[in-house]
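Please look over the sequence and the model before reading on. The report below is meant to be read alongside both.

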Amino acid sequence: MDSSRCLKLLKNAKTDNERMAALLLVTKLVKSNEADQVTRRKVFDAIGFSFLNRLLSTRSAPEGCSETVYQKIAVAVLASFCTDPELVLHPQITGKIPVLNKLITAVCVIMVFVNNNNHPLLFFAATPVRKTVF
């Protein structure tokens, strides 16, 4: 399966389960550190931020998973977008700053952020300010 087909599945997913399955396929085919700006933008456009918002706010998880598993996935997706100098300043990304700040203060999630050099807030801090983010 090629990445364009996976992106189409992601964009056309009708349920969160379909969207999650397609997202997992995309991550297997498109590595964030190897993706070019065009590919990263295609994933950005296909994923749908209402889905990421639900992942960030979900407090339940499948049996046997950490209760923060969905938040960790959403943060990883956001981090991959934040490596792009255009996307890091997109309103859909900058609008997540308050949510990310709230997650940082949560004890159960903080170690993930400390151990993950790809935290979105690190990218915000490292991005030259070309316009007001807040």
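The text goes from the overall fold to the helix pairs, then to the core and to single residues.

**Basis of the description**

This is a predicted model, in which local features need pLDDT of at least 70 and side-chain atom pairs count only at pLDDT 80 or more, while totals for chains, interfaces and linings use all residues. Residues are numbered from 1 along each chain as its sequence is written, and side-chain values use heavy atoms, with hydrogens and water left out.

**Overall fold**

The protein has nine helices and zero strands, where helices (H or I, at least four residues) and strands (E, at least two) are DSSP runs numbered from the N terminus. Read along the sequence, this gives the pattern α-α-α-α-α-α-α-α-α. Of the 134 residues, 37% count as buried; here buried means under 20% relative accessible area, exposed means over 50%, and partly exposed lies in between, with a 1.4 Å probe and protein chains only. Among the contacts with a separation of 6 or more, 60% come from residues 24 or more positions apart, and contact means heavy atoms within 4.5 Å.

**How the helices pack**

| Pair | Axis distance | Angle |
|---|---|---|
| Helix 1 and helix 2 | within 8 Å | roughly 160° |
| Helix 1 and helix 3 | within 8 Å | roughly 25° |
| Helix 3 and helix 5 | 10 Å | about 140° |

To put these angles into words, those under 35 degrees count as roughly parallel, those over 145 as roughly antiparallel, those from 65 to 115 as roughly perpendicular, and the rest as oblique.

The axes of helix 1 (residues 3–12) and helix 2 (residues 16–29) cross at roughly 160°, and these two helices are therefore roughly antiparallel to each other. Their contact brings Ser 3, Cys 6, Leu 7, Leu 9 and Leu 10 in helix 1 against Arg 19, Ala 22, Leu 23, Leu 25, Val 26 and Leu 29 in helix 2. By class, this contact of helix 1 with helix 2 has nine nonpolar, one polar and one charged residues; Ala, Val, Leu, Ile, Met, Phe, Trp, Tyr, Cys and Pro count as nonpolar, Asp, Glu, Lys and Arg as charged, and the others, Gly among them, as polar.

The axes of helix 1 and helix 3 cross at roughly 25°, and that makes helix 1 roughly parallel to helix 3. In this pair, Leu 7, Leu 10 and Lys 11 in helix 1 meet Lys 42, Val 43, Ala 46 and Ile 47 in helix 3, and the residues of the contact divide into five nonpolar, no polar and two charged.

Helix 3 and helix 5 pack at an angle of about 140°, and they are therefore oblique to each other. Arg 40, Val 43, Phe 44 and Ile 47 in helix 3 meet Val 77, Ser 80 and Phe 81 in helix 5, a contact with five nonpolar, one polar and one charged residues.

**The nonpolar core**

In soluble globular proteins, nonpolar side chains tend to be buried together. A nonpolar core is a set of buried Ala, Val, Leu, Ile, Met, Phe, Trp, Tyr and Cys residues joined through side-chain atoms within 4.5 Å. Which residues of the largest nonpolar core touch the most other members? Among its 30 residues, they are Ile 47, Leu 52 and Phe 81. Helix 1, helix 2, helix 3 (37–47), helix 4 (49–57), helix 5 (69–82) and helix 7 (97–105) each supply at least two residues of this core, and helix 5 gives the most, with six residues.

Leaving aside residues up to four places away in sequence, Phe 81 touches Arg 40, Val 43, Phe 44, Ile 47, Phe 49, Leu 52, Leu 87, Val 88 and Ile 93. In helix 3, Arg 40, Val 43, Phe 44, Ala 46 and Ile 47 are buried, and what covers the buried residues of helix 3 includes helix 1, helix 2, helix 4, helix 5 and helix 6 (91–94). Just after helix 3, Gly 48 takes a positive phi of about 80°.

Thr 27 lies in helix 2 and is partly exposed, with a relative accessible area of 36%. Thr 27 and Cys 6 are 21 residues apart in sequence and 9.5 Å apart in space, C-alpha to C-alpha.

Ile 73, in helix 5, counts as partly exposed at 23% relative accessibility. Not counting residues up to four places away in sequence, Ile 73 touches Met 20, Leu 23 and Leu 55.

Terms used
Axes are lines fitted to C-alpha atoms, for helices over the stretch in contact, and angles run from 0 to 180 degrees between N-to-C directions.
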